[in-house]
Amino acid sequence: MTSRQQGRRAAVTGLGVVAPNGVGADAFWKATRQGVSVLDRISREGCTGLPLRIAGQVNGFDPQSAIDNRFLVQTDRFTHYAMAAADLAVADAGFRPDPEQPFAVGVVTAAGSGGGEFGQRELQQLWGQGPRFVGPYQSIAWFYAASTGQISIRGGYKGPCGVVASDEAGGLDALAHAARSIERGTDAVVVGAAEAPLAPYSMVCQLGYPELSLAEDAERAYLPFTEQACGFSPAEGGAMLLLEDERTARLRGANVRALLAGHAATFTGPSRWAESREGLAAAIRIALDEARVVPEEIDVVFADALGVPAADRAEALALADALGPAAEQVPVTAPKTGTGRAYCGAPMLDVAAAVLAMEDGLVPPTPNVTKVCHDLALVTDRARPAELNTALVLSRGLMGSNSALVLRRGQP
């Protein structure tokens, strides 16, 4: 008998968000439900002369007020976001780890590229002044595993830890990895993803993606599911959650905000967007089966929404394949069109929005999008009130990963 059969289920008890449209779950949700778009011209030093013009930048975040200096100097911006979001999630859950049980709490993160800003700075020191001017933290700060390591060290979490490297879909896959740890006996897992791809070297690397939008008008740069779709706008930031065993969380009086009911992942190859129809549909079906949910029970879909015509068409068809007639009625939304696509952090922000949407009974809109050219009930213009008990969150990666996650509304 598996631990899941014995009744252990992963529950979301805490949310922490550092996003372009707000720091903290409350600020993030207020902007998301109002459909505020914060896409704008990139203003980061050293980035303004590149062909990529529009992105979602995190403003109003002061890492020095959120993170001890001894951790700050040895980490990149993407880890600053992750550590701050982790603190917010743990505080939101009212969770206090038992110092006598340090192995009961784990950490899982996902990352697409690691610390490009920190790495670029140190390499410039190497090229310009020599090896003696390269800091000792270069060896760890750029590494995609840095956020897991630093959150674990800083929090004293010595339970199962991991890093998921499965493209943008890694955000959802990290949640599945953490849920499995909960089911096997871990009390709690701090899990999520945050990215910081807006540095010169990182941006030059992204210019190799044909899916990247090079539009210069913020209102037209990221328009998935429309005839004007021209790619995606990138973003920084992300979200962290605290997952706990549902029964243990309720015994300590925690608010169970949502349950991770089902997940599945498939792979269809880089930029093979027509083929992603089959892979994404398979992931949806398997996730629904694991959650013991029928298509008619899905109350809202948070779409991957890449903004590439072939990919958008494949996603719409995948929903039709997997959900059948229910696909024509279920509300679909893509709040990321107002913030940008934060790589591994993007599906984590969608999960945070899904939890908040179920609590608030409100499907957030898809900013900037008006005329939809696919058979989807895409929510545009303004938020739509609805009773939301089950949410489906989708994510695909540029290298070919597909992932689907089913969330159930938590009960107080």
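The model is a predicted one, in which local features need pLDDT of at least 70, side-chain atom pairs count only at pLDDT 80 or more, and totals for chains, interfaces and linings use all residues. Residues are numbered from 1 along each chain as its sequence is written, and side-chain values use heavy atoms, with hydrogens and water left out.

We begin with the charged pairs. The structure holds 18 salt bridges, each defined as a side-chain nitrogen of Lys or Arg within 4 Å of a carboxyl oxygen of Asp or Glu. One of them joins the side chains of Arg41 and Glu216, with an N to O distance of 3.1 Å. Arg41 belongs to strand E3 (residues 40-41), while Glu216 sits in the loop between helix H9 (200-206) and strand E8 (237-245), so this pair ties together parts that are 175 residues apart in sequence. Helices (H or I, at least four residues) and strands (E, at least two) are DSSP runs, numbered from the N terminus. Both partners are partly exposed, Arg41 at 41% relative accessibility and Glu216 at 47%; here buried means under 20% relative accessible area, exposed over 50%, and partly exposed in between (1.4 Å probe, protein chains only).

Asp87 and Arg154 form a salt bridge at 2.8 Å, N to O, which links helix H4 (residues 77-93) to helix H7 (residues 146-155) across 67 residues. Asp87 is partly exposed at 36%, as is Arg154 at 24%. A further bridge, at 2.7 Å from N to O, connects Asp321 with Arg277. Asp321 lies in helix H12 (residues 309-323) and Arg277 in helix H11 (residues 276-291), 44 residues apart. Relative accessibility is 31% for Asp321 and 31% for Arg277. Elsewhere, salt bridges with shared partners join Asp304, Glu315, Arg341 and Arg396 into one network.

Now to the nonpolar interior. A nonpolar core is a set of buried Ala, Val, Leu, Ile, Met, Phe, Trp, Tyr and Cys residues joined through side-chain atoms within 4.5 Å. The largest has 54 residues, of which Ile284, Val301, Leu323 and Leu392 touch the most other members. At least two residues each come from elements including strand E9 (258-267), H11, H12 and strand E15 (390-396), and H11 gives the most, with seven. Leu392 has contacts (heavy atoms within 4.5 Å) with residues including Ile284, Val301, Phe302 and Leu405, leaving aside those up to four places away in sequence. A separate core of 47 residues includes Val17, Ala174, Ala239 and Ala391.
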